[in-house]
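Please load the model in your viewer and keep the selection panel at hand.

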Amino acid sequence: MTYQTLAKAVTARLEIKKSEFIAYAYPVNNREQAMFHVEQLREKYPDARHHCWAYIIGDPNNTTSAGFDDDGEPNGTAGRPILNVLQHKAIGNIIIIVVRYFGGIKLGAGGLTRAYAGSAQAVVDVMRLTPYVPMTEVKIETDFANESQIRYLVENVGGEVIDVNYGKAVILQVQLAEKEVTELAQSLGGMAVIVNENDN
């Protein structure tokens, strides 16, 4: 499962016949994150006429989850053209939201479709894309004496310690690429044990 995803949030602006189109793109991992960004922009631009969006969660070539919304624009003239750009560019785990301020000149269905597709393309043009790497979280149980060595091994495979629990043993919550779990488990030797794996 290899595809491109967004490295960090970006924005672009277009003006078409006095209407202003402000396009935002955010990396997201689920629908809840996507909708959070939509609500944020509704609060940021409460006086805008429309907040249209499309998202793809997962592999864009084999879409597990996608959605779009025209937010009051004529059916099929806003969300679908944004989604089409994402699918054409094969970008996953992303939402593009286009905020529109109406300028007083009607664009017509064809004009709207081109404007929303153009806005999505404008924000795609400024994106820095990165290959998507499936991540997972594991818990590693060790003792105090080996903690710093375990941290070194985790960093060695590009992982990150996101939480530590000190009790009778040290439990490190680690996030790393799925493909590195086996290598990490082998490198731990007898110093530690992977307690469980919960996929994100």
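**Before starting**

This is a predicted model, in which local features need pLDDT of at least 70 and side-chain atom pairs count only at pLDDT 80 or more, while totals for chains, interfaces and linings use all residues. Residues are numbered from 1 along each chain as its sequence is written, and side-chain values use heavy atoms, with hydrogens and water left out.

**Stop 1: helix α2**

Select residues 79–89, which form helix α2. Helices (H or I, at least four residues) and strands (E, at least two) are DSSP runs, numbered from the N terminus. Which residues of this helix are buried? They are Gly79, Pro81, Ile82, Leu83, Val85 and Leu86; buried means under 20% relative accessible area, exposed over 50%, and partly exposed in between, with a 1.4 Å probe and protein chains only.

Contact here means heavy atoms within 4.5 Å.

**Stop 2: helix α1**

Move to residues 31–44, helix α1, and pick out histidine 37. This residue is buried because its relative accessible area is 13%. Leaving aside neighbours within four places in sequence, histidine 37 touches Tyr26, Pro27, Val28, Ile95 and Ile97.

In α1, select also glutamate 39 and arginine 42, which are 3 residues apart, about one turn of the helix. An α-helix has 3.6 residues a turn, so residues three or four places apart point the same way. The side chains of glutamate 39 and arginine 42 meet in a salt bridge of 3.6 Å, N to O; the term requires a side-chain nitrogen of Lys or Arg within 4 Å of a carboxyl oxygen of Asp or Glu. Glutamate 39 is partly exposed, at 42% relative accessibility, and arginine 42 is partly exposed as well, at 26%.

**Stop 3: aromatic pairs**

How many aromatic pairs does the structure hold? There are 6. Rings of Phe, Tyr and Trp (its six-membered ring) pair if their centres lie within 6.5 Å; planes under 30 degrees apart count as stacked, over 60 as edge-to-face and the rest as tilted.

Select tyrosine 45 and tyrosine 101: the ring centres are 6.2 Å apart and the planes stand at 80°, so the pair is edge-to-face. This pair links distant parts of the chain, since tyrosine 45 is in the loop between α1 and β4 and tyrosine 101 is in strand β7, 56 residues apart. Tyrosine 45 is buried, at 9% relative accessibility.

Next, select phenylalanine 144 and tyrosine 166, a stacked pair with 6.1 Å centre to centre and 5° between the planes. Phenylalanine 144 lies in the loop between β9 (135–142) and α4 (147–156), and tyrosine 166 lies in strand β10 (residues 160–166), 22 residues apart. Phenylalanine 144 counts as partly exposed, at 48% relative accessibility, and tyrosine 166 counts as partly exposed, also at 48%.

To close this stop, display Tyr24, Tyr26, Tyr45 and Tyr101, which ring pairs link into a cluster.

**Stop 4: further salt bridges**

The structure has 6 salt bridges. In helix α4, select glutamate 147 and arginine 151, 4 residues apart, about one turn of the helix. Their closest N and O atoms are 3.0 Å apart in a salt bridge. Glutamate 147 is buried, at 12% relative accessibility, whereas arginine 151 is partly exposed, at 30%.

Then go to glutamate 180, in the loop between β11 (170–177) and α5 (181–188). Glutamate 180 forms a salt bridge with lysine 179, with 3.4 Å between the closest N and O atoms. Is glutamate 180 buried or exposed? At 16% relative accessibility, glutamate 180 counts as buried, while lysine 179 is exposed, at 64%. Shared partners also join salt bridges of Glu39, Arg42 and Asp71 into one network.
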